[in-house]
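Subject: Structure handover

Hello,

Here is the structure I promised to pass on. Please open it before you read the notes.

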Amino acid sequence: MQRTAELWGLDADVGTLQQEDGRAYFDIETSRPEDAWRTSSRFFVFDHGAIVDHLAARPLATRLVQGFRTAAAVVMEGGAFGYFRHAWRFGLFFIFPFLLVGLGMAISLALATYPLWLGLGLWQLPIGIALGYLFFAKLFIPWSDRFHTLHLFSDWDMAVAVSRLDNAIVNDWIEKSAQAASQAFELQADEYVISSHSMGSSMAAQTIGLLLEREPDLLDGKRVVFVTLGGATLQCALLRSASVLRARVGAIARAKNVTWLEVQCLTDVISFYKSSVTALTGHPDAPQPRLVFLRIKNMLFAERYKRIKLDFLRVHRQYVLASDRRSNFDFGLMTAGPLAAVTFKRFSGEWAQDAELDYPE
């Protein structure tokens with residue numbers, strides 16, 4: 001936020017993280033004294049990191065076996081077919097960690113059985129098994145961390161759990177988040193922004209959709225903007241078992257006081273670029289999200305972009321990170337700046353490059 005303030009000529013005061021009644025939040029105040037305006041924003045944090053940590057804490061063998069079971073489930077439920085049909089690069093993203101680990105396992109197996117296929121004495125078999133184990137556990141797995149391979153295994157475990165709603169930890173998170181979000185909506189505000197990124201978009205859709213089921217009038221009289229960053233809701237919603245998620249996507253799309261912005265980038269392979277999440281979840285008659293396209297190349301200095309452009313996970317995270325240059329999207333400006341988040345559906349690069357932005361009152 002401090003970098004956003006410097007970039008856009010604002011003053012920003014970022015508060016500390018607070019805990020109250022099970023809710024985590026912090027405040028940000030932005031201003032520009034010469035224009036005599038001040039914007040106060042309260043950020044409620046709905047962090048599913050504990051679920052990821054729980055999945056990552058399992059023994060290596062458990063993570064591998066469960067990961068391949070999850071991959072099979074995604075295929076059997078039609079998810080993989082949907083990925084390649086609507087966003088082939090996302091399909092490659094899906095199979096990448098499993099192919100990589102499968103290759104590592106094949107090499108390990110070859111090392112473990114070298115006495116057999118070389119026609120050597122069986123007394124060397126224990127040596128081969130030791131070599132295979134050492135290669136996989138001590139060399140391959142640490143090396144694969146640079147690609148966040150096991151993290152992606154856990155990510156797909158979570159995707160299936162969010163789709164099926166058959167995991168008590170995930171369901172409990174959604175329930176508690178819905179209760180906390182309901183309390184947040186009771187506070188007075190000019191605008192309520194629900195921002196989510198990547199897997200968080202499916203979590204947000206489950207949470208807000210659950211709220212709308214229980215409290216259909218909750219958003220009456222409020223201006224609400226539902227912002228999904230990275231266009232990855234379909235990761236879960238395309239699975240056959242995700243019927244509840246698809247219904248909740250439709251409920252959000254049809255909510256009369258909600259403007260849905262889907263922020264996408266062509267060079268982000270972990271997204272369903274130009275796909276309509278509502279149409280593909282069975283709601284072609286519902287209002288479609290307003291697509292906002294950004295170019296990460298225009299957000300960063302050339303040297304910085306060159307360093308990250310081949311790291312697909314790092315590119316995918318840029319939506320919520322600080323920019324080096326003014327462009328048509330800035331997460332900090334959208335969520336804590338003087339502009340209403342809804343204006344970003346028409347926020348232009350030409351306007352952004354102006355030294356003096358015409359801030360609305």
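The notes below cover the domains, their interface, the annotated spans and the salt bridges.

This is a predicted model: local features need pLDDT of at least 70, side-chain atom pairs count only at pLDDT 80 or more, and totals for chains, interfaces and linings use all residues. Residues are numbered from 1 along each chain as its sequence is written, and side-chain values use heavy atoms, with hydrogens and water left out.

Domains. The chain is assigned domain 1 (1-45 + 165-345) and domain 2 (58-153). These bounds come from an automatic or database domain assignment. The two domain centres, taken over C-alpha atoms, are 34 Å apart.

Interface. Domain 1 puts 19 residues in contact with 16 residues of domain 2 (contact means heavy atoms within 4.5 Å). About 1500 Å² is buried between domain 1 and domain 2, with 65% of that from carbon and sulfur atoms. Buried area here is the accessible area (1.4 Å probe) that two parts lose on being put together, summed over both. Six residue pairs, both at pLDDT 80 or more, are in polar contact between domain 1 and domain 2. A polar contact is a pair of N or O atoms within 3.5 Å; within protein, one must be able to donate a hydrogen and the other to accept it, and residues adjacent in sequence count only if both atoms are side-chain atoms. On the side of domain 1 that touches domain 2, helix H11 (234-237) and helix H16 (312-317) are the elements that give two or more residues. Helices are DSSP runs (H or I, at least four residues), numbered from the N terminus.

Salt bridges. The structure holds eleven. One of them joins the side chains of Glu77 and Arg164, at 2.9 Å, N to O. Glu77 is in the loop between helix H3 (60-76) and helix H4 (79-86), and Arg164 is in helix H8 (residues 149-164), 87 residues apart.

Best regards

Terms used. Salt bridge = Lys/Arg side-chain N within 4 Å of Asp/Glu carboxyl O.
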